[in-house]
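Here are my notes on the model, as numbered points. Please read them alongside the coordinates.

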Amino acid sequence: MKVAVFAGDGIGPEVTREAVRVLEALDLPGLVLLEGDVGGVAYKRHGHPLPPETLEVARACDAILFGAVGDFDCDHLERHLRPEQAILGLRKELGLFANLRPATVFKGLEDLTSLRPEVARAIDLLIVRELNGDVYFGEKGIRTLPDGRRQGWDMMSYAEDEVARIAHVGFKAAQGRKGRLCSVDKANVLETSQLWRDVMIEVAREYPDVELSHMYVDNAAMQLVKNPGQFDVIVTGNLFGDILSDQASMCVGSIGLLASASMAVGTKGLYEPIHGSAPDIAGQGKANPMATILSAAMLLRHSFGLEAQAARIEAAVAQALADGIKGGDLGGSQGTAEIGDAVLARL
Ligand code: IPM
Ligand code: MG
């Protein structure tokens with residue numbers, strides 16, 4: 001059980017430290033943790049946000065626990081050297097095409113979401129986001145038009161096999177839940193989305209037990225705050241999934257609570273909180289490590305099949321929250337290590 005721990009920038013190291021303490025407390029036989037530099041810190045040390053030695057560790061491991069990347073100091077660099085390229089590079093190089101972002105409201109937090117408690121309480125959804133394609137990985141550039149104006153451009157595309165592959169993940173996830181899959185696109189405007197929708201309908205024939213629906217992304221954004229309880233599994237492309245998953249996090253309370261898994265074919269996966277590096281509070285011991293701890297639970301479940309241990313971690317986090325342990329993101333006063341201690345005590 002080889003796990004790479006890539007803490008990254010900003011609050012990444014602090015939150016990752018707590019998740020590692022939780023993993024170690026479980027005393028799992030055969031668990032080996034390896035480290036590597038990613039993001040701005042890797043650029044500063046090695047001249048690249050995803051140095052070859054880090055990529056090698058990632059390839060050699062069964063799973064990766066990832067903190068966060070992003071550093072304002074690096075924003076002036078050419079795009080291929082910016083911290084974000086570490087996570088984008090890992091997703092691409094390792095073929096991590098399926099991003100699972102679950103969102104549920106924890107007991108005791110109903111009053112802390114951005115929604116009315118009775119609306120929020122009904123949330124129990126999973127966003128399945130495609131991670132290897134879309135406008136994220138298309139050709140892009142800034143060019144000068146013949147009349148001298150600068151023009152930025154990014155190419156959006158999906159090939160049918162890329163859509164089918166994520167569709168299967170969405171349908172299978174729905175089969176294991178309430179059997180409803182909502183595909184989110186912008187087929188009223190984009191050709192990429194039209195193909196996406198056509199392929200979803202084709203793949204649906206193999207899953208007669210799943211009810212497939214379609215929603216335009218603008219409407220989905222509205223429905224997520226109006227009546228989020230209607231959703232079971234949402235399947236969508238890279239860009240729309242990025243946006244909707246941040247939105248979903250606010251619907252359940254805090255971005256400091258949302259974990260994610262990014263899976264390749266098989267059981268290899270990368271696990272990370274959906275939040276970023278939060279440079280404004282980095283190094284102050286204030287960040288909420290719960291999303292990273294919950295990502296470690298997903299790691300045990302999806303890469304190693306350790307369902308009981310994963311559930312133990314999730315129960316410990318839920319109990320800590322129910323007992324009033326809250327980080328600043330939830331209006332509480334507990335710091336990073338204190339929250340880690342609280343979860344460990346309940347484990
Ligand atoms: C996410 C993040 C990344 C993304 C950034 C850091 C490149 O926002 O994982 O949601 O856009 O995918
Ligand atoms: Mg995002």
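1. The largest cavity of this predicted model is lined by Asp134, Met156, Tyr158, Val184, Asp185, Thr192, Ser193, Trp196, Gly237 and Phe240. Its volume is about 80 Å³. With a threshold of 30 Å³ or more, the count comes to one cavity.

2. Which elements supply at least two residues each of that lining? They are strand β8 (180-185) and helix α7 (191-204). The largest share, three residues, comes from α7.

3. The sheet is open and has ten strands, in the order β2-β1-β3-β12-β11-β4-β5-β10-β8-β9, with mixed pairing. Strands β2 (32-35) and β9 (211-216) stand at the edges with a single partner strand each, so one side of each has no neighbour in the sheet. From one strand to the next the twist averages 25°.

4. Strand β4 (residues 98-104) runs antiparallel to β11 (residues 259-263), and three bridges join them. Within this pair, Ala98 is opposite Met263 of β11. Helix α1 (residues 12-25) packs on the sheet, where it touches β1 (2-8), β2 and β3 (63-68). The direction of α1 makes about 145° with that of β3.

5. Strand β5 (residues 124-130) has six of its seven residues buried. Its pairing with β4 is antiparallel, over seven bridges, whereas its pairing with β10 (residues 233-236) is parallel, over four bridges. Arg129 of β5 takes part on both sides: Asn99 stands opposite Arg129, and the bridge partner of Arg129 in β10 is Thr236.

6. Helix α10 (residues 290-304) has 15 residues and reaches 21 Å from its first C-alpha to its last, close to the 21 Å expected at 1.5 Å a residue. Just after α10, Gly305 adopts a positive phi of about 65°.

7. Where does α10 lie relative to the strands? The helix lies across β1, β3, β4, β11 and β12 (269-273), and runs at about 165° to β12. Why is α10 described as largely enclosed by the rest of the structure? Of its 15 residues, 13 are buried, so the rest of the structure encloses most of the helix. Buried here means under 20% relative accessible area.

Definitions and conventions:
Residues numbered from 1 in each chain as written. Chains lettered and ligands numbered in written order. Predicted model: local features only at pLDDT ≥ 70, side-chain atom pairs only at ≥ 80, totals over all residues. Heavy atoms only, no water. Expected span 1.5 Å × (residues − 1). Buried < 20%, exposed > 50% of the residue type's maximum accessible area, 1.4 Å probe, protein only. Pairing = 2+ DSSP bridges. Axes fitted to C-alpha atoms, helices over the stretch in contact; angles between N-to-C directions. Contact = heavy atoms within 4.5 Å. 1 Å grid on protein atoms, 1.4 Å probe; cavity = no way out; pocket = protein on both sides within 12 Å on 5 of 7 lines; lining within 4 Å. Points joined across faces, edges and corners; volume = space filled by probe spheres on them.
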